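Please have the sequence and the model open while reading.

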Amino acid sequence: MKLTKEYWENRYINNDYGWDTGTITPPLKEYFDQLTDTALKILIPGAGNSYELEYLITNDFENVAVLDYAKTPLLNIKKRLPTISDDQLIESDFFFHNGEYDLIVEQTFFCALEPHLREKYVMKMASLLKPNGKLIGLLFQFPLTEVGPPFGGSKEEYSALFQEDFNIKTLEIAYNSIKPRKGNELFFIFTKK
């Protein structure tokens, strides 16, 4: 199975996105609630229906963009947030995106990529962040298999993968995950070296 643009588009068209919680998840909400600089330039890649974007905009963060390979989730966001600027809804392959961000939010994007793309993901994230920029979010913690998405991994694997380009500030089991993900999510904060 190839995880192409068409693959993801079909998943959204057919409402086949079981990862979608319908709201912002508690670990990200709690992190966003402690941010004080609403001028931060923020990217949410592989955003899907992005309730994170909606939450940030509702809380006066105006400099937020989402990126997705598929068009349908971006149209879904536009329906929910009709006044959002089209510049904030980027339809693109993440690996071809250019920009410079203070903060990048990871929410079920990493686990949706084929595992052979993980090193490329780390390098691309580092290239998109400003000096001392932060990559934060959630990574799934369950054995990596060839069946997915989602594809899993472990704290040890993630530490080894990110440590060359990032300072690992936090990488711990999220204490406030939603019930179906309890014990299977690692909350992390990485800063660009």
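How are H2 and H3 oriented to each other, roughly parallel or roughly antiparallel?

## Basis of the model

This is a predicted model, in which local features need pLDDT of at least 70 and side-chain atom pairs count only at pLDDT 80 or more, while totals for chains, interfaces and linings use all residues. Residues are numbered from 1 along each chain as its sequence is written, and side-chain values use heavy atoms, with hydrogens and water left out.

## Helices H2 and H3

Helix H2 covers residues 26-33 and helix H3 covers residues 51-58. Helices here are DSSP runs of H or I with at least four residues, and strands are runs of E with at least two, numbered from the N terminus. The two axes lie 11 Å apart, at an angle of about 25°. Axes are lines fitted to C-alpha atoms, for helices over the stretch in contact, and angles run from 0 to 180 degrees between N-to-C directions. H2 and H3 are therefore roughly parallel to each other (angles under 35 degrees count as roughly parallel, over 145 as roughly antiparallel, 65 to 115 as roughly perpendicular and the rest as oblique).

On the H2 side, Leu28, Lys29, Phe32 and Asp33 meet Glu52, Tyr55 and Leu56 of H3 (contact means heavy atoms within 4.5 Å). By class, this contact of H2 with H3 has four nonpolar, no polar and three charged residues (Ala, Val, Leu, Ile, Met, Phe, Trp, Tyr, Cys and Pro count as nonpolar, Asp, Glu, Lys and Arg as charged, and the others, Gly among them, as polar).

## Helices H5 and H6

Helix H5 (residues 118-128) packs with helix H6 (residues 155-162) at an angle of about 50°, and their axes are 10 Å apart. That angle makes H5 oblique to H6. Arg118, Glu119, Tyr121 and Val122 of H5 make the contact with Tyr158, Leu161 and Phe162 of H6. The contact of H5 with H6 has five nonpolar, no polar and two charged residues.
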